[in-house]
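Let's take a walk through this protein together, with the sequence and the fold side by side. Have a look at the picture below before reading on.

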Amino acid sequence: MPGPIKNIPIGEILIEQGFINKNQLEDALAEQKKSGGKMLGDVMLEMGIVSESQLAQALSIRLKVPFIDLSAIKVDSNAVSKISEDVAREKCVFAFQYKNNRLFVATNDPVNFYIFEDLKVQTGMEIVPQISTKTQIEAAIGKYYSSQAVDSTVRELESESDSTNIEEDLAKAESDGRVDNAPIVKLVNMMVETAFRNQVTDIHIEAFKDRTRIRFRMDGELVEQDMKIPPSFHNSIITRIKILGGMNIAERRIPLDGRFGTRIDGVNLDMRVSTIPCVYGEKCVIRLLSTADEKTRKITDLGMTEYNYQMFKQIIRCPNGVMLVTGPTGSGKSTTLYATLGELSQPNVNIVTVEDPVEKKIDGVNQCQINDKAGMTFAAALRSILRQDPDIIMVGEIRDGETADIAIRAAITGHFVLSTLHTNDAATTITRLVDMGVAPYMVASSLVGIIAQRLVKLLCKTCKETFTLTDPEDLKLMNKTAPVEICRPHPGGCRACRGTGYSGRTAIHEIIVVGPKLKEIISAGATAEEIGAMARENGTLLLRDNVTQMVLAGKTSMDELVKATYSV
């Protein structure tokens, strides 16, 4: 076994590669002395000075072991199957290539020769280690082993379906307590695991005449999965999901709702299930909710520009009033509300929320779950909360005039109220409240700010391409007359973006701070257009202004601008 990696050389390599400077190295060494024996690389990662990838590349140079980017290579499925999933996860290794009895294996610990000796004995092959990051290895293990397991389970199902009734078999397995071994159970589990590891928000399971289609919503787009599931298994899959969701498996004529939780890769996951009868069988959608124990995002992580962030800070400094976050379903409203609560939560402040459902548990915040059947509606819960001596109240959604009226009265009596509303822009929110039956003067006196938001996809940094925009209609949308250079997705994308041309999403915001002039015209019954014009005079940047800045900066595409902000 070689001696431990010397601290100075790795630091020098990081400086040579331009990843850090001398001051950062000195800070890291000082921090390492305090840490009580931690590796310098781990200290730097904790301090955020280097990324996992940069550290792996420096180690690659130091140890003369090649660095491999698993997200950008073609993986040989035969190589993957040479090492079992359990061993791959336990030792954090991933076999990606197989040539002339040599197995190329990605590892984040290339000096641990015991691992490679074990693998050599298990596989009977020469092991060639290459350095990668722990995150990339774990992602590759999740992705490739899942897809192989799905294929083998479907084959197992096909062989069983010839001789047995799958649903009867599932019911028998459920009663015998051996349900985990039933192929249909394994298939559903793998589907959920694969979705979680690919950061999917919704799983769609749809019945058609000659197939069952599985689609995942990734970055806001539905992507069909390469899971060839014959239609004869469709009812069995839905039955299994209904059992998990605590739903009535005998009822197939009406829409049903359920929910269940599971644990994947050490993370607790909460899922909502909805089924609806269609022509060829029930369609099922599973919504993967943000995990309850995942850390709440900080306000600064929401993608706000510095200008919008300053306006937002003005709103949350108010001791009382109503702050509304608006936008369509899936535009990140809940994330913004939770981040705001995280910012406002202090030991000397009593925060109470009313939600349906409670998506994320926040330490130090009293969260109440709505239960319509038991009479715990938004309006009923709000009335009770006002007797709980709250400082800040969060209402999951204002759905009717009664809830709106109580929320606004709570703000007038000295509470800070946060909530969401489904409207297309910030100015329309005010007229929507008036339409719900709240008096204009009440809206004017209670409202302190509105945040309208959308999510837009970000262009893949690896493969985006530059071009000159000359189309007069598109230029008009961006308030430009002369042609401009912008970026667009590369047709067919690349490996890093899974062939989509986009990687990740960020939020764009339109923020109205309700000042004295706006309060005046709201009281006088102003239209949404008049409110919008006044807000722009007061410094509000429209959603289109914000996304135009992103297009000009090469962060997103013209298609995303149109999708997020186009109106007739």
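How many aromatic pairs does a search of the whole structure find? The search finds 1. Rings of Phe, Tyr and Trp (its six-membered ring) pair if their centres lie within 6.5 Å, with planes under 30 degrees apart called stacked, over 60 edge-to-face and the rest tilted. The ring centres of F96 and F104 are 6.5 Å apart and their planes meet at 50°, so this pair is tilted. Both F96 and F104 are buried, where buried means under 20% relative accessible area, exposed over 50% and partly exposed in between (1.4 Å probe, protein chains only).

A word on the basis: this is a predicted model, in which local features need pLDDT of at least 70 and side-chain atom pairs count only at pLDDT 80 or more, while totals for chains, interfaces and linings use all residues. Residues are numbered from 1 along each chain as its sequence is written, and side-chain values use heavy atoms, leaving out hydrogens and water.

Now to the strands. Helices (H or I, at least four residues) and strands (E, at least two) are DSSP runs numbered from the N terminus, and two strands pair if DSSP finds at least two bridges between them. An open sheet with mixed pairing is formed by 3 strands in the order β1-β2-β3. Its edge strands, β1 (93-99) and β3 (126-131), each pair on one side only. Strand β1 runs antiparallel to β2 (residues 102-107), joined by 6 bridges; Y98 has L103 in β2 as its bridge partner.

Next comes β4 (residues 202-207). Here 6 of the 6 residues are buried, so the strand is largely enclosed by the rest of the structure. D202, H204 and E206 point one way, and I203, I205 and A207 the other. A hairpin of 4 residues leads from β4 to β5, and 6 bridges join β4 to the antiparallel β5 (residues 212-218). D202 has R217 as its bridge partner in β5. Strand β4 is also joined by 4 bridges to β9 (residues 281-289), again antiparallel, with V285 in β9 as the bridge partner of H204.

Finally, find S557 in the loop between α21 (543-552) and α22 (558-565). S557 is buried, with a relative accessible area of 2%. Setting aside residues up to four places away in sequence, S557 touches L459, C487, P489, Y502 and V551, contact meaning heavy atoms within 4.5 Å.
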